[in-house]
Amino acid sequence: MEIIIAVAVIGLIALFLITQYNRLIRLNITVDEAWAQIEVQLKRRADLIPNLVETVKGYAAHEQSTFDAVVTARAKATSATGVADTAAADGMLTQALRGLLAVAEAYPDLKASSNFLSLQEELATTENKVAFSRQFYNDNVRSLNTAVKTIPSKFFTGFAKVGEREFYEVEDPQDRNAPSVKF
Amino acid sequence: MNFRTMQAANRRKTFGLLIGMGILMWFVVYAALTYFGGSTAGIVPIAVGIALISVWGSYYGSDKLVLTMTGAKLIQESDNPKLFGLIHEVIIASGMPMPKVAIVVDSAPNAFATGRNPEHALIAFTTGILDAMDRDQLQGVIAHEMAHVANRDTLVSAVAATTAGAIAIVSDMLTRMMFFGGRRDSNGNGNPIALVFSLIILILAPLAAIMLKSAISRKRESLADATAVSFTRNPAGLRSALEVLASDSTVVQQRSTAVAHIWIESPLDSKSVSKLFSTHPPIQERIAVLRSMESLG
């Protein structure tokens, strides 16, 4: 009888340890996946930009400074690594794109061209995807960081080699509606 | 109230209502045993069996069944890239797998979601809703539908329908027995109050079951609104979408009222007897709740 109880207690403890360990590992993997999603969406947006710039150039050739700002911001965004760098470059590129679309507002022919309209829709959906992948990433980082800081999962962080992760913070007050694309 | 507390509250209430269904079922069994004696005990498993088979068949194949019942047609990304772009946005925000997408040719604006789990989800839109709504509004509607998928509402309503169905079958069988044979249990151990009480339960139970089923459906709608906000963090989009639905008086041409509860706006609203039997909360109430979430920022 005593043996059965002892085995059951040990079994329950083992089960508890395994659950705690697995939970941390799982949360950490979800953050990795969410991060990969951000990168995919940022890449999508970067791929969209040359085409957009070319289209706007066709109608508004002398807005060179705006184009330069977009191209520089894009170059920075594609070469950035790490959470903080990527976030900063992402914010700059969003700003630059907003400038480019503001320029486009002044050219009725451009605004009416079907090529521009479809690019604009694609940019709108991509901006939303970037924003949502950021949000999804930050939500998952929040769950992970809560688990890392609270008891009992706190005690397993060393064993599972899982620590707090960095939030993806874009410094842009208008960020939620960026850039405002109407159609 | 923010969306997190709203979600928690709605989940709790659904749980309570499902428990209520279980208690009602238990009352019916008790009433049957008091009124007819032990010989009727066999009816209960039969009724539950019939209800299970009929409901779970439709639950398992819900994505395909609903397609035929509503006349929806599956579409591919190339058929409507803009809609797929919006759906992808919500997919990324919610971290869920991509559902199948279908279109119902109908000028009334409406939408629905079904499927037994997120991997077999199907969301459908009428051509009317795609024409009537702008980007943010459609995003809100898609988030509401994906929220139904995430909250497994097909499963919840299948459970509710099974219990309500079983209760209806039991009390139907027993009421028939009353007319044809009267009480089989002639030992005369009956306490008259208990007998009258059982009779009342048997007669009222199906009605109560339908009311509970509708209440569960209403809670799931409120929950889906709250979950949709947790996906998009933009209550204004869904709120203005609901305003469009509220101001529009056209109703989806139903092929079957059996699927009325799955639409975002109830196609039966105008015919609804009272709030107790409607499958959706009043649309103005839903708008007011979303507006209060907006003011929280």
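Trainee: Let's start in chain B. Which residue in β2(B) stands opposite B:Leu74?
Mentor: B:Ala102 stands there. Keep in mind that this is a predicted model.

Trainee: And how do the two strands around that pair run?
Mentor: Strand β1(B), residues 73-74, pairs with β2(B) in the antiparallel sense. There are two bridges between them.

Trainee: Which residue in β4(B) is the bridge partner of B:Ala102?
Mentor: B:Ala124 is the partner in β4(B). There the pairing of β2(B) with β4(B), residues 122-126, is parallel, over five bridges.

Trainee: Is β2(B) mostly covered or mostly open?
Mentor: Mostly covered. Four of the five residues in β2(B), 100-104, are buried.

Trainee: What does β4(B) pair with in the antiparallel sense?
Mentor: That is β3(B), over four bridges. One pair to look at is B:Thr114, which stands opposite B:Leu122 in β4(B).

Trainee: Which way do the residues of β3(B) point?
Mentor: B:Ala111 and B:Ala113 point one way, B:Phe112 and B:Thr114 the other. All of them are buried.

Trainee: So what is the strand order in the whole sheet?
Mentor: The order is β1-β2-β4-β3 in chain B. It is an open sheet of four strands with mixed pairing.

Trainee: Why is one side of β1 and of β3 in chain B left without a neighbour in the sheet?
Mentor: Because these two strands of chain B stand at the edges, each with a single partner strand.

Trainee: What holds paired strands together in general?
Mentor: Strands of a sheet pair through backbone hydrogen bonds.

Trainee: Which helix lies across β2 and β4 of chain B?
Mentor: Helix α4(B), residues 81-94. Its direction is at about 135° to β2(B).

Trainee: How confident is the predictor in chain B?
Mentor: Mean pLDDT is 81 for chain B, and 86% of its residues reach 70 or more. Among the elements of that chain, β2(B) has the highest mean, 93. Helix α2(B), residues 43-60, has the lowest, 76. For the model, ipTM is 0.77 and pTM is 0.82.

Trainee: Switching to chain A. Does the length of α1(A) agree with its residue count, or disagree?
Mentor: It agrees. Helix α1(A) has 58 residues, 2-59, so at 1.5 Å a residue it should span 86 Å. The end C-alpha atoms are 86 Å apart.

Trainee: Where in α1(A) does the kink lie?
Mentor: At A:Ile49, shortly before the proline A:Pro50. The kink is about 30°.

Trainee: What about A:Thr66, buried or exposed?
Mentor: Buried. Its relative accessible area is 14%, and the cut-off for buried is under 20%. A:Thr66 is in helix α2(A), residues 64-79.

Trainee: Last one, back in chain B. How accessible is B:Gly16?
Mentor: B:Gly16 has 40% relative accessibility, so it counts as partly exposed. B:Gly16 lies in helix α1(B), residues 3-36.

Trainee: And how far apart in space are B:Gly16 and B:Arg286?
Mentor: They are 21 Å apart, C-alpha to C-alpha. In sequence, 270 residues separate B:Gly16 and B:Arg286.

Conventions. Residues are numbered from 1 along each chain as its sequence is written. Chains are lettered from A and ligands numbered from 1 in the order in which they are written. This is a predicted model: local features need pLDDT of at least 70, side-chain atom pairs count only at pLDDT 80 or more; totals for chains, interfaces and linings use all residues. Side-chain values use heavy atoms; hydrogens and water are left out. Buried means under 20% relative accessible area, exposed over 50%, partly exposed in between (1.4 Å probe, protein chains only). Two strands pair if DSSP finds at least two bridges between them. pLDDT is the predictor's confidence in each residue, from 0 to 100. Contact means heavy atoms within 4.5 Å. Axes are lines fitted to C-alpha atoms, for helices over the stretch in contact, and angles run from 0 to 180 degrees between N-to-C directions. The expected span of a helix is 1.5 Å times one less than its number of residues. The bend at a residue is the angle between axes fitted to the seven residues ending there and the seven starting there.
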